[in-house]
Amino acid sequence: MYPERVVSGMRPTGALHLGHFHGALKNWVRLQSEYPCLYFVADWHALTTHYEEPEVVEQNAWEMVIDWLAAGIDPAQATLFIQSRVPEHAELHTLLSMITPLGWLERVPTYKDQQERLADRDLSTYGFLGYPLLQSADVLIYRAKYVPVGEDQVPHVEFMREIARRFNHIFGREPGFEEKAKAAVKKLGSRKAKLYDQLRTRYQEKGDEGALESARALLDEAQNLSQGDRERLFGYLEGGGRVILVEPDVLLTEASRLPGLDGQKMSKSYNNTIGLREDAESVTRKIRTMPTDPARVKRTDPGDPAKCPVWQFHLAYSDQRTKEWVQQGCRTAGIGCLECKQPVIDAVLAEQAPMRERAQRYLDDPTLVKNIVADGCDKARELARETMREVREVMGLAYS
Ligand code: TRP
Ligand code: SF4
């Protein structure tokens, strides 16, 4: 119905590390050539937990955008913007809050979890409770089809689907829907109208998903429909009202996880990270001093890669032959740990070299970054405004 847009955001919490790259950014880069993608700096979301550190938001935001560009996000393909510079997100958030049951927010699992985990901060704020709703506005405002996120964010996408459904249920039910939908069918022209009716019947009577798909494709191609009629026909297919907000799907980032230097999750708070653009010398030192299987006290002690964080790095970086060399060499004490780490060091440095190079241009000329973001904000805003026009209209705020 709408282009298959992808939307995702990241909170500007400081320089990104290789965990971010393997866990999210690499996926963003892949997606940018497959879909129209919108990637944004979730600065309001950062304030939900870090409202006492406003001075770092801006610096972190610019740095993060440079990290994105360094990682290979191409501003000619993807739209990069800053959440707070598209204030329509806040308007939609307010309007959605009118129909959001408190219980839905209180039951989102991250709400209690995070409050416990970040016990040193006072998170008994409205903003923190409303986090998933703001996130819903971020995505629904672009009528996105896919949201690439990690496992931990799945409940948030589930939440936004429920919000979209509830919104459509309440505001997509206009008086005379059935008549308006039938009139819209006629506008398809007789051949397509007949096909639409047949497909709709097949879906509604037999639950034929293929028919639903075909009918949607037919609507996608129909030229002379107004936006309102298009939404009616999508809704009419499934027996509901107008589909004003689209229910997005999660696009799970495949599990090419990179743990931290100590084998735990890579995270700044564990002090076990390798920065995306960290200099080669420091990276080499960090990997050379990484812990290994504690059983290998002496060079002649055999080890077990399964008990060694270096092996996790081999899984992320090494080819089959190298992995076999590690397995064999470690178990027989045929290789030493430093020897084992060398291919990892080489691979990490090789991965980072082009990133450091790409970043240099932007570090030398920060206006390039500002211009990219300004363009992205303009583009995003235009799309956001389209949705808001309709949202206002169905909520009785058109004032025409
Ligand atoms: N909550 C996300 C995170 O912590 C960040 C985020 C904010 C986001 N808005 C979004 C992700 C919209 C996807 C879509 O990672
Ligand atoms: Fe780890 Fe490699 Fe040493 Fe084995 S040889 S303990 S896998 S670093």
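Here, partly exposed means a relative accessible area between the buried limit of under 20% and the exposed limit of over 50%. Lys286, at 27%, therefore lands in the partly exposed class. Keep in mind that this is a predicted model.

**Helices α17 and α18**
- Helix α17 (residues 337-364) packs on helix α18 (residues 366-394) at about 95 degrees, and their axes are 4 Å apart, which means α17 is roughly perpendicular to α18.
- On the α17 side the contact uses Arg361, Tyr362, Leu363 and Asp364, and these meet Pro366, Leu368, Val369 and Ile372 of α18.
- That contact counts six nonpolar residues, two charged and no polar ones.

**Salt bridges**
- The whole structure has 25 salt bridges.
- Arg385 pairs with Glu88, with 3.6 Å between the closest N and O atoms; Arg385 is in α18 and Glu88 in α4 (residues 88-97), so the bridge ties together parts 297 residues apart in sequence.
- Glu88 is buried at 6% relative accessibility, while Arg385 is partly exposed at 41%.
- Lys286 and Glu278 form a salt bridge at 3.0 Å, N to O, and Glu278 is buried at 15%.
- Arg242 and Glu174 form another, at 3.7 Å; Arg242 is buried at 5%, as is Glu174 at 16%.
- Both belong to a salt-bridge network whose members include Arg143, Lys180, Asp229 and Glu390.

Technical notes: Residues are numbered from 1 along each chain as its sequence is written. Chains are lettered from A and ligands numbered from 1 in the order in which they are written. This is a predicted model: local features need pLDDT of at least 70, side-chain atom pairs count only at pLDDT 80 or more; totals for chains, interfaces and linings use all residues. Side-chain values use heavy atoms; hydrogens and water are left out. Axes are lines fitted to C-alpha atoms, for helices over the stretch in contact, and angles run from 0 to 180 degrees between N-to-C directions. Helices (H or I, at least four residues) and strands (E, at least two) are DSSP runs, numbered from the N terminus. Angles under 35 degrees count as roughly parallel, over 145 as roughly antiparallel, 65 to 115 as roughly perpendicular and the rest as oblique. Contact means heavy atoms within 4.5 Å. Ala, Val, Leu, Ile, Met, Phe, Trp, Tyr, Cys and Pro count as nonpolar, Asp, Glu, Lys and Arg as charged, and the others, Gly among them, as polar. A salt bridge is a side-chain nitrogen of Lys or Arg within 4 Å of a carboxyl oxygen of Asp or Glu. Buried means under 20% relative accessible area, exposed over 50%, partly exposed in between (1.4 Å probe, protein chains only).
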